[in-house]
Amino acid sequence: MASAPEVIVGGSVPKTVPLNCISLSEPDITKSVSLLKQACLDSGFFYVIDHGIDQELMQEVFRQSQKFFDLPLHEKMKLLRNKKYRGYEPFMNQTSDPGNQISGDYKEAYYIGIEVPEDDLKAEKPFYGPNLWPTTDILPGWKEIMEQYHKEALRVARAVARIIALALNLDVGFFDKPEMLDEPIASLRLLHYGGKVSCPEKGIFGAGAHSDYGLITLLATDDVMGLQICKDKDARPQVWEYVAPVSGGFIVNLGDMLERWSNGIFRSTIHRVVLDGRERYSIAYFVEPSHDCLIECLPTCKSEANPPKFPPVTSAAYILQKYKETFADVSMYSKHQP
């Protein structure tokens, strides 16, 4: 397991959850499969290291992300998120846990998807289309850096998915199929949490409790603690544990689609962000299968004693419904745009 560094939050040392650590340079694939399978059964969260992304590139993405969020609001609003979920999302636009929050998540974000030209037939699908980019006179080189990272993160996600396939007793290339990760819905999401202190008792969060929607999420963070997970969402009271940052690596968690595929064997664990008054930056990479991919119980995960628990659903339909439940309509910001 990766060792969790001691981090002070609010004057005390928080309880951190120990997570298995998977090295993508490990030559013994059976070891990686065993560690990942245990993590998926236990918490749905694990660390990934030795992923091959240059550390300077990762640091530069953080620097460029901060440069964007430091821009005046009127400049950011020129790139307001569109119907394809590309571009800037203002503070409190998303409410991750509508039943328990008094306001939206105290974060702002920027979405970057796989670039699809506007005249491409694929651009007619939800979540596909051209990205929105800051102009080069404001943020020179920004687009190129983000596109490079997007490409590298997708490579890492596919490598992790191959280990997951083996852990589910599937062919190693199961998730590489065209309808899955060959043409995925993959979104890079730059995140900036403002310096507002969270108060779970009052329904104030950096990000409310939620599970992710897709296959897996790769999360890179700064060294500010904030991410918490709850292994058992049905427990009362719920027990929340911090996830320590991992320098140069990823915190990886499973999404709802993998839980549905695995018939609940692997878990899409709820998590939230609780802030201590410090600003926090993170870079999330959400990986979902292609639009028409049918998410239904895998043959290796069902039996007479364990029939399918979830009805089949397409990837696009599931994501659209989840977005509808948690995102505000950006048209309400139209009067604030330049």
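Are Glu108 and Lys76 buried or exposed?

1. Glu108 is buried, as is Lys76, where buried means under 20% relative accessible area, exposed over 50% and partly exposed in between (1.4 Å probe, protein chains only). This is a predicted model, in which local features need pLDDT of at least 70 and side-chain atom pairs count only at pLDDT 80 or more, while totals for chains, interfaces and linings use all residues. Residues are numbered from 1 along each chain as its sequence is written, and side-chain values use heavy atoms, with hydrogens and water left out.

2. The side chains of Glu108 and Lys76 form a salt bridge at 3.0 Å, N to O. The pair links distant parts of the chain, with Glu108 in strand β4 (residues 107-112) and Lys76 in helix α3 (residues 73-77), 32 residues apart. A salt bridge here is a side-chain nitrogen of Lys or Arg within 4 Å of a carboxyl oxygen of Asp or Glu. Helices (H or I, at least four residues) and strands (E, at least two) are DSSP runs, numbered from the N terminus. The count comes to 14 salt bridges.

3. Another salt bridge joins Arg189 and Glu89, whose closest N and O atoms are 3.1 Å apart. Arg189 lies in strand β5 (residues 185-193) and Glu89 in strand β3 (residues 87-89), so this pair ties together parts that are 100 residues apart in sequence. Arg189 and Glu89 are both buried.

4. Glu152 and Arg155 also form a salt bridge, with the closest N and O atoms 3.1 Å apart. These two are separated by about one helical turn because they are three residues apart in helix α4 (residues 142-167). Glu152 counts as partly exposed at 22% relative accessibility, and Arg155 counts as partly exposed at 35%.

5. Helix α2 (residues 55-69) has 15 residues and should span 21 Å at 1.5 Å a residue; its end C-alpha atoms are 21 Å apart, which agrees. The expected span is 1.5 Å times one less than the number of residues. Buried residues in α2 include Leu57, Val61, Phe68 and Phe69. Salt bridges link Glu56, Glu60 and Arg63 in a network.

6. Ring pairs join Phe68, Phe69, Tyr88, Tyr110, Trp133 and Trp142 into a cluster. Rings of Phe, Tyr and Trp (its six-membered ring) pair if their centres lie within 6.5 Å; planes under 30 degrees apart count as stacked, over 60 as edge-to-face and the rest as tilted. The count comes to 16 aromatic pairs.
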